[in-house]
Number of protein chains: 2
Amino acid sequence: MSAENKVFIYDTTLRDGAQAEGVTFSPVAKIHVAKMLDSFGVDYIEGGFAASNPKDMAFFKAIKNETLKQAKIAAFGSTRRANVKVEEDKGTAALLEADTDVCTIFGKSWLLHVTEVLKTTPEENLAMIEDTCRYLKENGKEVIYDAEHFFDGYKDSPDYALRSLEAAVRGGADCLVLCDTNGGCMPNEIFEVTTLVRDRFGVAVGIHTHNDSETAVANAMESVRAGAVHVQGVINGFGERCGNCNLVSVVANLNLKTDKTCLADPAQLKSLKSVSQFVNEQANLRDNQRAAFVGESAFAHKAGMHVDGVRKVSHSFEHVPPESVGNDRRILISELSGASNVMEKLIEMGLNNIDRKSPEVREILKMMEKQERGGYVYESADASFKMLIKKVLKEHKSFFELEGFRVMVEKRGKNAPCVSEATLKLNVNGKRAFTVGEGDGPVDALNMALRHALQEFYPSIRHVQLADYRVSILDPEEATAAKTRVVIESSDGENTWGTVGVSENIIEASWEALVDGVEYKLFLNEDKK
Amino acid sequence: MSAENKVFIYDTTLRDGAQAEGVTFSPVAKIHVAKMLDSFGVDYIEGGFAASNPKDMAFFKAIKNETLKQAKIAAFGSTRRANVKVEEDKGTAALLEADTDVCTIFGKSWLLHVTEVLKTTPEENLAMIEDTCRYLKENGKEVIYDAEHFFDGYKDSPDYALRSLEAAVRGGADCLVLCDTNGGCMPNEIFEVTTLVRDRFGVAVGIHTHNDSETAVANAMESVRAGAVHVQGVINGFGERCGNCNLVSVVANLNLKTDKTCLADPAQLKSLKSVSQFVNEQANLRDNQRAAFVGESAFAHKAGMHVDGVRKVSHSFEHVPPESVGNDRRILISELSGASNVMEKLIEMGLNNIDRKSPEVREILKMMEKQERGGYVYESADASFKMLIKKVLKEHKSFFELEGFRVMVEKRGKNAPCVSEATLKLNVNGKRAFTVGEGDGPVDALNMALRHALQEFYPSIRHVQLADYRVSILDPEEATAAKTRVVIESSDGENTWGTVGVSENIIEASWEALVDGVEYKLFLNEDKK
C-alpha cells in the first residue's frame with residue numbers, strides 16, 4: 001500500500017448513524033459494532049457525542065477495556081459556546097473527559113447559521129473555532145475539524161467560509177473536513193470546492209456527505225478525486241433524514257474502481273456483506289435487498305438475456321466479481337427468463353444430464369408460463385419451482401394426502417378477542433392424522449395444525465419455521481373476490497426456501513404454499529439419505 | 001421553458017423496472033402506471049419488450065384505447081439477429097406490431113459481447129445496428145438507440161464503441177443513449193465519455209445508468225452536465241440487480257438544482273411524493289423511509305440542534321423546501337408535526353372553527369401518532385382518518401353494534417373446492433340482524449354478510465361496492481403471527497373512499513376496514529340531509 005494513495009475511513013455509524021429515524025444502539029451493540037469496525041479495518045470510529053449524551057460517555061469508558069487492532073476512537077463535539085472561555089466551556093471539558101486519542105469538533109462555516117442560529121457575530125465564531133482547536137491540541141489530541149455546511153456557506157460567502165477554515169488551521173487542526181450537512185450538493189460542486197481547499201491549505205482535507213439528493217456516495221468519490229484523503233460515513237448509509245454517505249459503497253468503490261486503498265488489510269473487502277448485515281442487525285434494521293455490492297439482489301439476474309450472458313462470461317453483466325465483496329450470484333426464475341434459467345435450476349438440483357433443447361425443458365417452460373399467467377411468481381419461490389420441475393419430470397411424490405381442513409375465525413362482540421382455530425385431516429402413508437391448531441390468525445392456526453400432524457411421521461418438520469409471509473392481491477380492482485398470491489419463506493436453521501400459492505381464497509393460497517414448503521424439506525431429507 | 005434547457009424524461013418503470021427482483025405489474029397496474037406517468041409529465045413511457053412477452057404486447061394494444069396528454073409510448077427491442085434480413089427478423093416485426101410512435105432498440109457496443117455473447121463478427125454487429133435503425137425509420141418510427149454497455153465497451157475499445165454509434169447514426173437513429181448497463185462507472189467517467197460523444201455526433205445524446213456502485217443518479221446528472229438531453233430511469237429506482245437510475249431524484253435535482261426543466265408542467269413536481277407512493281403500491285413494494293426527497297424521513301429532524309435550527313430558519317437544515325416535492329417536514333418526538341394535515345382535513349369536514357393550536361388538534365395528532373406506531377397508515381385511508389377525528393371530537397356514533405361473527409373456510413379433499421361462509425350478528429338500533437354470507441374467500445363472505453345485514457336499515461348501502469382491497473404484512477419476519485394491515489377502497493358510484501384496519505388477524509383487520517367504510521358512507525348520507 002502506497003502511503004500516497006491511502007484514504008482514511010472515518011466511521012460515524014455510532015454517532016451520525018444513530019441520528020436516523022428508527023435507529024438506536026444499545027450500549028452492548030455499540031461495543032459490538034466498534035470491535036467489528038476495527039476488525040474490518042476502518043481508521044477512525046466516532047463513538048458518540050461527548051457532551052450531550054450520558055450513554056455515549058459510558059461508551060467511551062467501556063471501549064477503553066477493549067483491545068483494538070488499529071482503529072482510533074474519536075469523541076464528537078462542537079466549538080466552545082459564544083462568549084465563554086474555552087477552559088470553562090462544558091462541552092469542551094466533556095470532550096477531554098471522554099479520554100480518546102481523537103477529538104472531532106464541528107463549527108459553523110455559513111454566515112446564516114452564525115447570525116440566525118448561533119446568534120453570535122462572525123468574528124466571535126472564528127475565535128470559537130480557533131480557540132477550541134488550539135485548546136484540544138494543547139491537551140494532546142488529534143483534532144479533526146468538521147466544517148459544518150461548508151459547501152452552502154461557500155456558495156453564500158466564499159470569503160467567510162474560507163476564513164473559518166483558516167481559523168481551524170491557526171488553531172492547529174489536523175484535518176479539515178468539508179461537510180455537505182444538508183446533502184444538497186451535486187458532485188461537480190463538491191469536486192470544485194474540494195480542489196480549491198486542497199490547493200489553499202497545507203492540511204489534510206476530508207469529506208462528509210449526506211444523501212438528500214441521492215448523490216452522497218458519488219459526492220465522496222468526487223471529493224477524493226479532488227484530493228480529499230479522509231471520508232466520513234456510515235455503514236449502510238443510514239443517518240439523519242435520508243442518511244449519510246454509505247461507507248459500504250465508498251470502501252468497495254475506492255478499492256475496486258480507483259488506485260486508492262483504504263482498509264488496513266484489503267483482503268477484508270471480502271467481509272463487506274457480513275459487515276453490512278452485522279450493522280443492520282445491531283441497529284435493528286432490515287437488509288436492503290437492492291443495496292449496491294451487498295444486497296441480496298446485487299448480483300441477481302432475472303432477464304433471460306442477462307442470464308445467458310452471465311453464463312457465457314461472468315463479467316458481461318457484473319461490474320465486479322460478487323465474491324470480491326463476499327456476495328453471491330443468483331439466477332432468478334420469472335416470466336422474463338428463458339431456458340438458461342431453467343438449466344441453472346436443473347444443475348442446482350443435480351440434474352446435469354438434461355439437454356437445454358430437450359422436450360423436458362420445453363415442458364417445464366410451458367408449465368411455468370401457464371402458472372405465471374395464473375398469477376404465480378417463482379423468483380422468491382425457488383422451492384415451489386423445484387417442486388414444479390419434479391412434477392413435470394414425474395419425480396414428485398406426495399408425503400401425505402389432504403382429507404380436509406376447516407378454518408374458523410370467531411369474534412363475539414366488538415371488544416372481544418378474535419379467535420382462530422383450524423382442524424385438519426390428513427392421510428399419511430395410510431394412517432389418518434387429525435389435528436387442531438390455534439393461532440394469531442387463520443393461516444397461523446392452519447400452519448400449527450399441519451406441523452402438529454406431520455411431526456409424528458416426519459420428525460425433521462419440528463425444526464422448520466416460517467421465516468416470512470407475504471400477501472399480494474393480484475387484481476385489486478375486483479376487491480375481496482380478487483386472486484390472492486401468498487409467498488412463504490421457510491427455514492430449518494440451516495437453509496431457507498421460498499414457496500408460493502395462488503387462489504381466490506387466501507386460506508387456500510396459504511395452504512398451497514405451506515404444503516410446497518413442507519414437501520421441499522422432506523425431499524431434501526431424502527436426498528441426504 | 002426554454003427549449004435549449006429541456007431534458008427529456010424517458011421512463012422505463014414498466015420494462016427495466018419490471019426486471020427487479022420481486023416486482024411484477026399486473027396488466028391493469030401497467031395501464032394505471034402509464035396514465036399516472038403521463039399526468040406527471042414524463043416525455044416517454046417504455047411499455048415493455050415487444051418480442052418476448054405476450055403480456056407486454058397486450059399492454060401496447062390496451063394503451064391505445066387511453067387518451068394520453070403528451071407522453072409517447074415506446075416499445076423496446078433489440079437489433080435484428082445476426083445473419084437474418086431485417087425484414088424477416090421476428091423481433092423487429094414484433095416492434096412494428098406493437099404499433100407505437102417510438103421504438104427503442106438496444107445494440108452491442110462492447111466487443112466482448114459481440115464475440116462471446118452474440119457469437120458474431122464485429123462487422124455483422126455494426127450491420128445489425130444500422131439495418132434495424134434504418135428499417136424502423138423507414139416504417140415511420142422515432143428511433144431511440146440504446147448503446148448497451150457503451151462505457152465498458154469504450155474503455156475496452158474506444159474505436160469500436162464509437163463505430164457502433166456511427167452505425168446507428170447512419171441508420172437514422174434520433175437519439176443515442178449511452179448505457180452503463182452494469183452500473184460500474186464513476187461520475188467522472190460518465191462526464192468525460194458523454195462530452196466526447198456529444199461533440200462528435202450531431203445527434204441528441206441520452207443516458208441510462210444503473211445503481212450497482214450507488215452512483216446512478218449522480219452519473220445521470222453528470223451526463224446531463226456534459227450535454228445529455230434525455231435521461232432514462234425508473235420511478236423509485238428499482239430494476240435489475242441494484243436497480244436503475246431513480247427518476248424521482250433526477251427530476252427533483254434537475255428542477256431544483258440546475259437550470260434544466262424536464263416536466264411538461266413544472267408544477268407537477270409537487271406531486272412527486274404521491275407519484276412515488278403510487279408506483280410502489282402498484283409494484284407491491286414498501287416505501288423507502290429514507291428515499292431522497294419523497295421518503296417519510298427525508299425532512300424529519302431528530303437531532304435537537306437540527307430541530308432548533310429548522311425552527312429558526314427552515315433552510316438551515318433542509319436542502320429544498322419539503323412542499324416543493326409534496327413532502328412534509330416532521331419534527332420527531334413532537335406533536336407539532338402534521339398539524340397542517342389535520343387542519344386540512346378539518347376544513348374538508350366543514351370544521352373551520354377549530355384553531356390550529358387548540359387542545360383538540362393536539363389530541364388528534366396524539367391519537368394519529370399512536371395509531372401510526374401501531375401500523376396504521378392514513379395515506380390511502382382518508383375515511384378512516386376522518387372517523388378518527390370524529391371519535392376524538394366526540395362526534396362519532398355507531399350505526400350498529402357487533403354482537404359477533406364467525407368466518408369459516410372449509411376444504412374437503414385435495415381437489416375439492418374451498419368454501420367460505422360467514423355468519424354475522426349485529427344489533428341495529430335495538431333490532432337484531434342475523435345474516436349469512438358466502439364468498440370467494442373469508443373476507444368476501446364477511447363483506448357479503450355485512451352488506452346483507454345493513455341494507456334493510458340503510459338502503460343506501462346497496463350502492464356501495466368494494467373497489468380495491470390490499471394487504472400488507474407489517475413484520476414479515478414474524479411470519480404468520482405478524483401484524484396485517486388491510487386497506488379497502490369503497491365506492492358508491494359517485495365517490496370513492498379508503499379505510500384501513502390493522503390486526504394480527506387478517507379477518508379482524510378486514511372487519512375494521514369494512515366497518516369504517518360503511519360508517520363513512522352513512523355519515524355522508526346524514527350530512528346531505
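Guide: Let us start with strand pairing: two strands pair if DSSP finds at least two bridges between them, and the elements themselves are DSSP runs numbered from the N terminus, helices (H or I) having at least four residues and strands (E) at least two. This is a predicted model, in which local features need pLDDT of at least 70 and side-chain atom pairs count only at pLDDT 80 or more, while totals for chains, interfaces and linings use all residues. Residues are numbered from 1 along each chain as its sequence is written, and chains are lettered from A, with ligands numbered from 1, in the order in which they are written.

Visitor: How many bridges join strand E11 of chain A to E11(B), and in which sense do they run, parallel or antiparallel?

Guide: Strands of a sheet pair through backbone hydrogen bonds, in either sense. Here seven bridges join E11(A), residues 401-411, to E11(B), and the two run antiparallel, with Met408(A) having Met408(B) as its bridge partner. E11(A) is also joined by 10 bridges to strand E12 of chain A (residues 418-428), again antiparallel, and in E12(A) the bridge partner of Met408(A) is Glu421(A). E11(A) and E12(A) form a hairpin with six residues between them, and Gly413(A) in the turn has a positive phi of about 105°.

Visitor: How many residues does each chain give to the contact?

Guide: Two residues are in contact if their C-beta atoms, placed from the backbone, lie within 7 Å. By that criterion the contact takes 100 residues from chain B and 102 from chain A; the largest share of the chain B side, 11 residues, comes from strand E11(B). That side has 38 nonpolar, 35 polar and 27 charged residues, where Ala, Val, Leu, Ile, Met, Phe, Trp, Tyr, Cys and Pro count as nonpolar, Asp, Glu, Lys and Arg as charged, and the others, Gly among them, as polar.

Visitor: In what order do the eight strands of the barrel in chain B close?

Guide: The order is E1-E2-E3-E4-E5-E6-E7-E8, and the pairing is parallel. Within chain B, strand E7 (residues 204-209) and strand E8 (residues 230-233) pair over three bridges, and in E8(B) the bridge partner of Gly206(B) is His230(B).

Visitor: Which residues have the most contacts inside the largest nonpolar core?

Guide: A nonpolar core is a set of buried Ala, Val, Leu, Ile, Met, Phe, Trp, Tyr and Cys residues joined through C-beta atoms within 7 Å; a residue is buried if 20 or more other C-beta atoms lie within 10 Å of its own, exposed if 12 or fewer, and partly exposed in between. The largest core has 207 residues, and those with the most contacts inside it are Tyr145(A), Leu176(A), Leu178(A), Tyr145(B), Leu176(B) and Leu178(B). Not counting residues up to four places away in sequence, Leu176(B) touches several residues, including Tyr145(B), Phe201(B) and Gly206(B).

Visitor: Why does Gly239(A) count as buried?

Guide: Gly239(A) is buried because 29 other C-beta atoms lie within 10 Å. Its place is in the loop between strand E8 (230-233) and helix H10 (247-257) of chain A. Beyond four places in sequence, the residues that Gly239(A) touches include Asp16(A), Gly17(A) and His210(A), whereas the C-alpha atoms of Gly239(A) and Asp287(A), 48 residues apart along the chain, are separated by 15 Å.
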